[in-house]
Amino acid sequence: MRLGRFMGVELYLNTFFLALLGLFFVAGILGKGLVAFAVVLLHEMAHVACARYLGVPVKEVVLLPFGGVTRMGSELVLDPVKEVYVAAAGPLCNVVMLLLGLAGRNYGLWHEELGPFFLQCNLLIAAFNLLPALPLDGGRVYRASLAGQMSVKEATYRAATLGQIIAGIVVVLGSLGLFLGLTGLDILLTGLFLFFAATRERSMAPYLFVGQLTGKKEEIIRAGVLPVQPLVALEDVPLGKIVRPFLLQKFHLVLVIDRQWRYKGFLTEAQIVDGLLTHGLDLPVGRLPLNPF
């Protein structure tokens with residue numbers, strides 16, 4: 001559901017969040033639903049403000065029950081430091097609002113029903129988003145921390161799989177709570193959408209990896225200097241296997257040897273990526289023109 005533009009960004013309300021607001025309305029507590037809406041909106045606008053400050057384009061914001069999704073340029077994922085800053089901005093905003101709420105209570109600016117709910121919303125959304133699972137903010141920080149040890153594709157798979165596992169736990173607990181009359185549909189709906197969103201993040205991993213490979217030139221221009229990561233490969237290993245251990249913020253040199261461990265030559269990361277795009281994943285690395293020392 002499109003709500004309009006806010007801070008120059010297209011704003012949408014997810015169907016699950018709309019259903020949650022409907023539940024609040026039926027229960028006669030729409031005021032609490034609007035408080036939750038405002039808290040989630042400010043959480044996402046903190047991401048938007050931080051991303052724009054760092055020069056990352058923002059496409060749209062979709063509000064979800066547990067926070068939201070701010071769709072930004074894919075280059076954010078390829079810069080782990082920026083991804084950490086942008087991800088941390090949301091929970092940090094909730095912490096600030098929590099402190100402001102406590103200060104308001106101490107100065108008499110308080111609503112006996114909505115005040116405690118405002119504090120609870122900020123606390124729950126901040127804590128939930130700190131879980132190390134995509135698409136939550138903690139999952140983005142977790143992926144960024146893994147980016148120095150493995151490809152962005154593998155890091156995304158790990159963080160998204162953890163998101164699916166946590167979503168499954170939330171669904172089971174939400175179903176049990178609904179059966180026992182301890183919780184409403186909101187917990188179950190949140191778990192279902194978290195699983196859907198984590199699955200979508202996982203499906204995007206191959207495209208992020210392609211962006212990692214093809215964006216190395218821009219990465220070098222942006223950084224000025226990158227450390228070299230040497231690799232050794234047999235001449236009959238396909239290019240698709242060669243690129244798997246390629247990391248962000250490193251430039252790779254691949255030494256090529258034969259089965260008798262004799263040195264054949266070397267290739268730069270740029271040459272391997274060009275060869276992969278020209279000849280495909282299955283071409284043996286030894287078939288490319290090798291550079292002698």
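Buried means under 20% relative accessible area. By that cut-off E201 is buried, because its relative accessible area is 13%. The model shown in these views is predicted.

**View 1. E201 sits in helix α7.**
Helix α7 covers residues 185-203, and E201 is part of it. With a relative accessible area of 13%, this glutamate counts as buried. What does E201 contact, leaving aside neighbours within four places in sequence? The partners are L134, P135, R140, R143, T156 and A160.

**View 2. Helices α6 and α7 pack side by side.**
Helix α6 runs over residues 152-180. Its axis lies 8 Å from that of α7, at an angle of about 165°. Angles over 145 degrees count as roughly antiparallel. α6 is therefore roughly antiparallel to α7. The crossing of this pair is left-handed. By class, the residues in the contact of α6 with α7 are 14 nonpolar, eight polar and two charged.

Most peptide bonds are trans. P135 belongs to the loop between α4 and α5, the latter being residues 137-146. Both L134 and P135 are in contact with E201 of View 1.

**View 3. Helices α1 and α2 cross.**
Helix α1 spans residues 15-26 and helix α2 spans residues 30-53. How far apart are their axes, and at what angle do the helices pack? The axes are 7 Å apart and the angle is about 150°. The two helices are therefore roughly antiparallel to each other. Their crossing is right-handed. From α1, the contact uses F17, L21, F24 and F25. From α2, the contact uses L30, K32, G33, L34, A36, F37 and V40. The classes are nine nonpolar residues, one polar and one charged.

F117 is a residue of helix α4. F117 is buried, because its relative accessible area is 12%. Not counting residues up to four places away in sequence, F117 touches F24, K32, V35 and A36. Among these, F24, K32 and A36 also take part in the contact between α1 and α2. For scale, F117 and Y263 are 67 Å apart in space, C-alpha to C-alpha. In sequence, 146 residues separate F117 and Y263.

**View 4. The largest nonpolar core holds 30 residues.**
Which residues have the most contacts inside this core? They are F17, V61, L63 and M72. At least two core residues come from each of β2 (9-13), α1, α2, β3 (58-64), α3 (80-106) and α4 (114-129). α2 gives the most, with 10 residues. M72 touches H47, A51, V56, P57, V58, K59 and V86, not counting residues up to four places away in sequence. A second, separate core has 23 residues, including V237, L239, V256 and L283.

Most residues other than glycine have a negative phi. Q249 has a positive phi, near 60°. Q249 lies in the loop between α10 (239-242) and β6 (251-257). Is Q249 buried, partly exposed or exposed? Q249 is partly exposed, because its relative accessible area is 33%. W261 is not a glycine either, and its phi is about 65°. W261 is found in the loop between β6 and β7, the latter covering residues 263-268. Exposed means over 50% relative accessible area. W261 counts as exposed, because its relative accessibility is 73%.

**View 5. The whole chain gives the setting.**
The chain has 11 helices and seven strands. Its C-alpha trace spans about 75 × 40 × 30 Å along the principal axes. Of the 293 residues, 46% are buried. Among contacts with a separation of 6 or more, 60% join residues 24 or more positions apart.

Conventions: Residues are numbered from 1 along each chain as its sequence is written. This is a predicted model: local features need pLDDT of at least 70, side-chain atom pairs count only at pLDDT 80 or more; totals for chains, interfaces and linings use all residues. Side-chain values use heavy atoms; hydrogens and water are left out. Axes are lines fitted to C-alpha atoms, for helices over the stretch in contact, and angles run from 0 to 180 degrees between N-to-C directions. Helices (H or I, at least four residues) and strands (E, at least two) are DSSP runs, numbered from the N terminus. Angles under 35 degrees count as roughly parallel, over 145 as roughly antiparallel, 65 to 115 as roughly perpendicular and the rest as oblique. A crossing is left-handed if the near helix is turned anticlockwise from the far one by less than a right angle, and right-handed if clockwise. Contact means heavy atoms within 4.5 Å. Ala, Val, Leu, Ile, Met, Phe, Trp, Tyr, Cys and Pro count as nonpolar, Asp, Glu, Lys and Arg as charged, and the others, Gly among them, as polar. A nonpolar core is a set of buried Ala, Val, Leu, Ile, Met, Phe, Trp, Tyr and Cys residues joined through side-chain atoms within 4.5 Å. Buried means under 20% relative accessible area, exposed over 50%, partly exposed in between (1.4 Å probe, protein chains only).
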